[in-house]
Amino acid sequence: MSAPLLEIDGLDAWYGPAQALFGLSLTVARGEAVALIGRNGAGKSTSLKAVMGLVRRRARRLALDGADISALTTHRIARLGVGYVPEDRRIFTDLTMEENIGLARRPGRDGADRWPLERLFALFPNLADLRGRRGGAMSGGEQQMLAVARALVGNPELLLLDEPSEGVAPIIVEQMTAALRELKATGLSILLSEQNVALCEELCDRAYRIDQGELGWSGPMAAARLTAD
Amino acid sequence: MALDALAFQMINGLASASGLFFVAAGLSIIFGVTRIVNMAHGAFYMLGLYLAVTLADRLPGPLGYWGGLLLAALAVGLLGAAVEVLLLRRIYHVPELYQLVATFALALILNDAALWLWGPEDLLGPRAPGLKGSVELIGRRLPEYDVFLAFAGPAVLLALHLLMKRTRFGRTVRAATQDREMVAALGINEALLFTAVFALGAFLAGLGGALQTAREPANLNLDLAVLGDAFVVVVIGGMGSIPGAYLAAVLVALVKALCIALGTVEIAGLAFNMSKLTLVAEFLVMALVLVLRPQGLFGRPQAAAARAAASEAPLRPMGGTGRALALAALAVALAVPALATVWAYAPVLALDMLIAVTFAASLHLLMGPGGMASFGHAAYFGLGAYGTALAATGLGLPTLPAFAVGILAAGAGALLFGWFCVRLEGVYLAMLTLAFAQIVWSVVFQWEEVTGGSNGLIGIWPDWPFDSRAGLYLAALAVTVAGLYLIRRLIFAPFGHALRAGRDARMRAEASGIDVARIRWLAFTASGMLAGAAGGLYAFAKGSISPETLAVGRSIDALVMVLLGGLASPAGPVLGAGAFTLLQDTVMRETDYWRALLGALILALVLLFPGGIAGGLSRLFAGGRADG
Ligand SMILES: Nc1ncnc2c1ncn2[C@@H]1O[C@H](COP(=O)(O)OP(=O)(O)O)[C@@H](O)[C@H]1O
Ligand SMILES: [Mg+2]
């Protein structure tokens, strides 16, 4: 068996002096979708930030495609093929939708650009009419789609998704779920932090549950509902 | 008032507005992306001017002249890039205050570098080829170069607008101004972006300076003068807004132009020379904007400053050891006059130290418990000194009432300026305090009839029993001890708790019923009065004062003393002021390049010993290492 795409072992993370993650370990294989579940404040978002190098962290092993990334800065990690969709979307409100996309566009590690605008708009039809719209003038659902689209044009191999269903209308959650299933079918690996268990079940193969910064449980997604929390 | 005079002054004003705008725009762009207020930005402007004068002189022909100007600006941009890579990268993670003093240290070093390279004399550059003449406008002759400069401002404004809107670099800058982390998460090299942004900002400042070649001589005071003006402009226009910077620069320039054009006017039988009021006018514009729109004309409301959670140990009342140490220090201080027989210089040095301790303690009250970093504390020191001196010499008051007048003058100044300052936070507050101090300095410098202008005031001697060296020294000791005691009482009173609560969590403090702005205003005033007391002592100790007494350098001295001592410890200002005075009276006296020395000291402090002397000592005694 080849090495997993993302390999985390013994990950600690801090905000200032306060430790938020304690020895977290998990893996994501190529083409796999993995769910991170757990209560509010458990440390799901922090785990994703730690992978991106956005919080102070230390790990026994933190590797992407077999290569250590624990000493790399955020932009280098992104360039190795990690797309990040943060929890509050963090759209550039001053820039138009198209400028948001344009800023993020870069070829994948193989040099290919797999995400021309037409393909993005096929995935998220709502975005097609909003090219010139300022990010700040978009609705929450539109911003969420833009956040995913912005991550995709970096041509990632691994997508870190932080609560894409939070604060958006049910109809948008449905569209988002369909889009994510499509992405998974193309072979993209996904690490999804999500409280919406239904969405996780639609998409993910395995799940990890974080309790107060520590790994609480891990197993197949189908068994996740049965674990008490 | 004649219309032609106004038009003339307006073109002249627009020409100066252009230079100011370039500096302010660079400052704003750099702050937007890196969150650093570059105190060395005025120095970049000054270097741009010096370099341009040198290059335009050496290079032949019109091409040489204009090419020299451009080369000078580019060189300053390059210097900016080097500064970013070598210095700023090390201080992005330190608290805001340390960033401010570190870039100020850089300004000091650059100033001495200019002194070393170009000497102390003013340098006038050649006239601009092709623009040496003048044009006629409503019967007045306007220098062509001023007209050219008046147009250069809007041209650069347009160029910057296009850069920001149309280029990838510009979009990246705008995105990073909103959310740097997210920009990095998209794979954009943050470090490279920061370097480029700093280079651009430095280039703009350098260009602003270079373009003044044909208008004003290069001199070593320009850096701080321009920095103060640029802060006023940025505060008015709104930090981060380029059009705001232009509008504010024009507004300030036009108000000044109006004042000058009005000349002497008669109001209610009194003759006012309006042209001397230009500084006050600038202040009034800023005050008006701050009252109506605290974030500036085009600025966005400030987010509550996310304070780097510097876990500060809670203040404790002085323990037995502390009390013993304080008493021992007092005993030594009391014995100093007796030392004079063996070491004549001892009382002089000790008096300097006492004045410094009082001054530093006043700033420490503001910065430590108050959380407000003043970059213009010299204003209150100076108001105290001038108030005391004028009362003693002009009004002929005896020593003690004259001293009281000085303290009241400083208190009145702090009351007025503090009202505006306490409404701001962090770097905005620092900029505003510096701008106010610049204004006070300029008023003192220009108001010759009262302050003696650049000559200052002389013959300020205290009367009996303070007219002997020992008498004055003991009086100063009493003032210092009383000041320190009062501060301690204040800090441990409910007032002090409220002040610290407002510093640590403003929202929460306000929610629990504390009027934070009012508490801070009181602290600002108390601090100003104590600084005034130090200034009064200084006037009597030296016998003469000059605008130098309240120049920016003194504000920075106070900052260095507080930082040197350590911000977190109440004993900090005593240790810091003592050590600094010793250093100043020994090492720095010996060299022409004391500014660079001071700058290097500050940089070492920020980079190596952020806890100051007190922090270092308590760490030593605790035997533990600091938790990184
Ligand atoms: N910016 C921050 N500063 C300080 N503490 C934080 C910050 N963000 C999150 N935390 C703390 O870290 C812990 C984990 O938070 P987070 O990873 O956001 O949880 P989740 O995403 O699972 O809801 C929580 O206790 C939270 O309070
Ligand atoms: Mg979260």
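Guide: Accessible areas here are worked out by the Shrake-Rupley method with a 1.4 Å probe; for residues, only the protein chains shown count as cover. The model is a predicted one.

Along the principal axes, the C-alpha atoms of chain A fill a box of roughly 45 × 40 × 35 Å. Chain A is built with eight helices and ten strands. Its radius of gyration is 17 Å, close to the 17 Å that the globule rule gives for 229 residues, so chain A is as compact as a globular protein of that length. Of the 229 residues in chain A, 55% are buried. If one takes the contacts in chain A between residues at least 6 apart in sequence, 68% of them join residues at least 24 apart.

Leu192(A) sits in strand β8, which covers residues 189-193. Is Leu192(A) buried or exposed? It counts as buried because its relative accessibility is 0%, and the cut-off for buried is under 20%. Setting aside residues up to four places away in sequence, Leu192(A) touches Val34(A), Ala35(A), Leu36(A), Leu161(A), Pro164(A), Leu199(A), Cys200(A), Leu203(A) and Cys204(A). A further distance can be given for Leu192(A): Ala207(A) is 15 residues away in sequence, and the two C-alpha atoms are 9.2 Å apart in space.

Beyond four places in sequence, Leu72(A) touches Arg57(A), Ile77(A) and Leu80(A). Met52(A) is 20 residues from Leu72(A) in sequence, with 9.1 Å between their C-alpha atoms.

Next come two backbone angles in chain A. Most residues other than glycine have a negative phi. Arg90(A) is not a glycine, yet its phi is positive, at about 50°. Arg90(A) belongs to the loop between β6 (82-85) and α3 (97-104) of chain A. Glu163(A) also has a positive phi without being a glycine, with a value near 45°. This residue is in the loop between β7 (158-162) and α6 (170-185) of chain A. Glu163(A) counts as buried because its relative accessibility is 5%.

Chain B can now be set beside this. It has 25 helices and four strands. The radius of gyration of chain B is 25 Å, close to the 25 Å from the globule rule for 628 residues, so chain B is as compact as a globular protein of that length. Its C-alpha atoms fill a box of roughly 75 × 65 × 50 Å along the principal axes. Of the 628 residues in chain B, 53% are buried. The accessible surface of chain B is about 26,600 Å², with 68% belonging to carbon and sulfur atoms.

One residue of chain B leads back to chain A. Thr172(B) is in helix α6 of chain B, residues 168-178. It counts as buried because its relative accessibility is 7%. Apart from neighbours within four places in sequence, Thr172(B) is in contact with Leu103(A), Val183(B), Ile188(B) and Leu193(B). A polar atom of the Thr172(B) side chain lies 2.7 Å from the backbone oxygen of Arg168(B).

A last item concerns a peptide bond. Most peptide bonds are trans. The bond joining Trp464(B) and Pro465(B) is cis, with omega at about 5°. Pro465(B) is placed in the loop between α17 (448-451) and α18 (469-492) of chain B.

How values were computed: Residues numbered from 1 in each chain as written. Chains lettered and ligands numbered in written order. Predicted model: local features only at pLDDT ≥ 70, side-chain atom pairs only at ≥ 80, totals over all residues. Heavy atoms only, no water. Buried < 20%, exposed > 50% of the residue type's maximum accessible area, 1.4 Å probe, protein only. Polar contact = N/O pair within 3.5 Å; in protein donor to acceptor, adjacent residues only side chain to side chain. Contact = heavy atoms within 4.5 Å. Rg over C-alpha atoms; globule rule 2.2 N^0.38 Å.
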